[in-house]
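Me: Hi! Could you walk me through this one with me?

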Amino acid sequence: MSRRAISITLAVVCLAVLLGAAGQFAINRETSYMQECVSEGFAIDGYYRDDKTSLETLAFHEEDNHRWQLVDKDGSCVDGQFKCTDDPNILVLTREYGEKIGTVHVAYISRRRNQGWLYLFRDTKVTRFYLVSTKPAFMVESGDVDMDS
């Protein structure tokens, strides 16, 4: 085998090892993120839209007294506080005086927080929502949108 062939073979082997190591690092990083989120909960803050019609919105802001708000397709708002259950990815939504509105199951929020899905269970209805923004957006009495940071 010539020197040139050996050099090319060695370069290809080194490149393959390097790509394999980088791939393994990425897999380990994502696995570690998912394990952490399963045990401690995904970061919920943000603004979500329903998956079918895009007419309902759901917003969460943990630092503002665990605040949530649902705006339905008619524009009416329901809001209150949420609390975690024994499973940190299952949240109970209540109004100000403790009336339970529903339960949210956070299915997935990406490590970069650029995509995510959650499910809202109300009575017998289940609605899937997708992450629109990590900045929560709430309707205020005037009908304007209040973008919380």
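**Salt bridges and surroundings**

Reply: Happy to. The side chains of R122 and E56 form a salt bridge with an N to O distance of 3.2 Å; a salt bridge here is a side-chain nitrogen of Lys or Arg within 4 Å of a carboxyl oxygen of Asp or Glu. R122 belongs to strand 7 (residues 116-122) and E56 to the loop between strand 1 and strand 2, so the pair ties together parts that are 66 residues apart in sequence. Helices (H or I, at least four residues) and strands (E, at least two) are DSSP runs, numbered from the N terminus.

Me: What should I know about the model and the numbering?

Reply: This is a predicted model, where local features need pLDDT of at least 70 and side-chain atom pairs count only at pLDDT 80 or more, while totals for chains, interfaces and linings use all residues. Residues are numbered from 1 along each chain as its sequence is written, and side-chain values use heavy atoms, with hydrogens and water left out.

Me: Are R122 and E56 buried or exposed?

Reply: R122 is buried, and E56 is buried too. Buried means under 20% relative accessible area, exposed over 50%, and partly exposed in between (1.4 Å probe, protein chains only).

Me: How many salt bridges does the structure hold?

Reply: There are 3. One of them joins the side chains of R128 and D51 at 3.1 Å, N to O. R128 sits in strand 8 (residues 125-133) and D51 in the loop between strand 1 (46-50) and strand 2 (57-61), so this pair links parts that are 77 residues apart in sequence. R128 counts as partly exposed because its relative accessibility is 31%, and D51 is partly exposed at 37%.

Me: And what about E99 and R95?

Reply: Their side chains meet in a salt bridge of 3.9 Å, N to O. E99 is partly exposed, at 45% relative accessible area, and R95 is partly exposed at 37%.

Me: Switching topic: where is Y47 found?

Reply: Y47 is in strand 1, and it counts as buried because its relative accessibility is 18%.

Me: Which residue's side chain does Y47 join in a polar contact?

Reply: That is R49, at 2.9 Å. A polar contact is a pair of N or O atoms within 3.5 Å; within protein, one must be able to donate a hydrogen and the other to accept it, and residues adjacent in sequence count only if both atoms are side-chain atoms.

Me: Last one: where is L19 found, and is it buried or exposed?

Reply: L19 is in helix 1 (residues 3-40), and it counts as exposed because its relative accessibility is 56%.
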